[in-house]
Amino acid sequence: MADHPVLRVPPASPAAAAAYFGASLAFHADVSDVASALAADGDPGFVVLDSRSTASWDQGHIPGAVHLPTALIPEQAAAVLDVAVPVVTYCWGPGCNGATRTALALAQRGFQVKEMLGGFEYWVREGFAYETWEGGARRAADPLTAPVDAADCGC
């Protein structure tokens with residue numbers, strides 16, 4: 001047995017790891033993958049939902065996203081969303097679990113749902129365009145989160 005924390009608990013079996021990581025991909029979407037799907041011609045097959053407050057939405061949101069704060073899901077989700085269309089939720093970023101709470105609330109109401117890892121923070125940090133109450137905006141890609149001279153990260 002190893003003397004360090006990395007291998008003190010041994011890795012899972014390959015079968016258990018495949019099940020875990022396969023399940024993780026069923027629950028999560030990557031910012032770059034969402035951006036790529038939205039940028040492609042045609043219907044991406046999902047809707048993006050911003051679960052933050054109106055003030056947060058006005059500060060910046062993903063173009064084309066639906067705005068539905070988490071607290072309003074019980075009374076408005078059925079009127080705003082089509083239960084036949086998968087939903088990708090997001091909130092501020094990795095330090096916020098609003099998108100997780102939203103995904104849970106939607107799943108409890110019969111929606112297929114994924115959470116976008118990184119949220120709005122990583123959308124902006126990866127250099128994707130966003131909208132504010134004043135109009136469109138975009139920041140340069142952060143080299144710690146996205147390649148600055150390539151179309152994608154190659155993941």
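Reader: Which residues have the most contacts inside the largest nonpolar core?
Author: Val34, Val48, Ile62, Tyr90, Met116 and Trp123. That core has 17 residues. Keep in mind that this is a predicted model.

Reader: Which elements give two or more residues to this core?
Author: Helix 3 (31–39), strand 4 and helix 7 (119–125) do.

Reader: What is Trp123 in contact with, leaving aside its neighbours within four places in sequence?
Author: Quite a list. Trp123 is in contact with Val31, Val34, Ala35 and Leu38, among others. Ile62, Pro63 and Met116 also touch Trp123. So do Phe128, Ala129 and Tyr130.

Reader: What's in the second core?
Author: This separate core has 13 residues, including Val47, Ala77, Leu106 and Phe111. As a rule, nonpolar side chains in soluble globular proteins tend to be buried together.

Reader: OK, on to the sheet. What order do the strands have?
Author: The order is 1-5-4-2-3. It is an open sheet of 5 strands, with parallel pairing.

Reader: Which ones are the edge strands?
Author: Strand 1 and strand 3 (66–67). Each pairs on one side only.

Reader: How many bridges join strand 2 to strand 4?
Author: There are 4, and the two strands run parallel. Leu49 stands opposite Thr89 in strand 4. Val47 stands opposite Val87, also in strand 4.

Reader: And how many join strand 4 to strand 5?
Author: That pair has 3 bridges, again parallel. Val88 has Lys114 as its bridge partner in strand 5. The chain gets from strand 4 to strand 5 through helix 6, and this β-α-β crossover is right-handed.

Reader: What about strand 1 and strand 5, how many bridges there?
Author: 3 bridges join strand 1 (residues 28–30) to strand 5, and they run parallel. Asp30 stands opposite Leu117 in strand 5.

Reader: Back to strand 4. Are its faces covered or open?
Author: Both are covered. Val87 and Thr89 are buried on one side, and Val88 and Tyr90 are buried on the other. In a regular strand, side chains alternate between the two faces of the sheet.

Reader: Now helix 6. Which residues are buried there?
Author: Helix 6 (residues 98–107) has Gly98, Ala99, Thr102, Ala103, Ala105 and Leu106 buried. Seen down the axis, these buried residues fall within an arc of 165°, so they line one face of helix 6.

Reader: What do they pack against?
Author: The buried residues of helix 6 pack against strand 2 (47–50), helix 5 (73–80), strand 4 (87–90) and strand 5 (113–117).

Reader: Which residues of helix 3 are buried?
Author: Val31, Val34 and Ala35 are buried in helix 3. They cover an arc of only 100° around the axis, which puts them on the same side of helix 3.

Reader: Why would residues three or four places apart point the same way?
Author: An α-helix has 3.6 residues a turn, so residues with that spacing, three or four places, point the same way.

Reader: And what does helix 3 pack against?
Author: Its buried residues pack against strand 1, strand 2, strand 4, strand 5 and helix 7.

Reader: Let's zoom in on Val113. Where is its place?
Author: Val113 is in strand 5. Val87 stands opposite Val113 there.

Reader: Is Val113 buried or exposed?
Author: Val113 is buried, with a relative accessible area of 18%.

Reader: What does Val113 touch, not counting residues up to four places away in sequence?
Author: Val113 touches Ala26, Val87, Thr89, Ala103, Leu106 and Ala107.

Reader: How many residues apart in sequence are Val113 and Asp30?
Author: They are 83 residues apart in sequence. In space they are 13 Å apart, C-alpha to C-alpha.

Reader: Last topic, cysteines. How many disulfides does the count come to?
Author: The count comes to 0.

Reader: Is Cys91 buried or exposed?
Author: Cys91 is buried, with a relative accessible area of 3%. Cys96 counts as partly exposed, at 25% relative accessibility.

How values were computed. Residues numbered from 1 in each chain as written. Predicted model: local features only at pLDDT ≥ 70, side-chain atom pairs only at ≥ 80, totals over all residues. Heavy atoms only, no water. Buried < 20%, exposed > 50% of the residue type's maximum accessible area, 1.4 Å probe, protein only. Arc of directions from axis to C-beta. Contact = heavy atoms within 4.5 Å. Core = buried A, V, L, I, M, F, W, Y, C linked by side-chain atoms within 4.5 Å. Disulfide = S-S within 2.5 Å. Pairing = 2+ DSSP bridges. Right-handed = clockwise from strand over helix to strand, strands pointing away.
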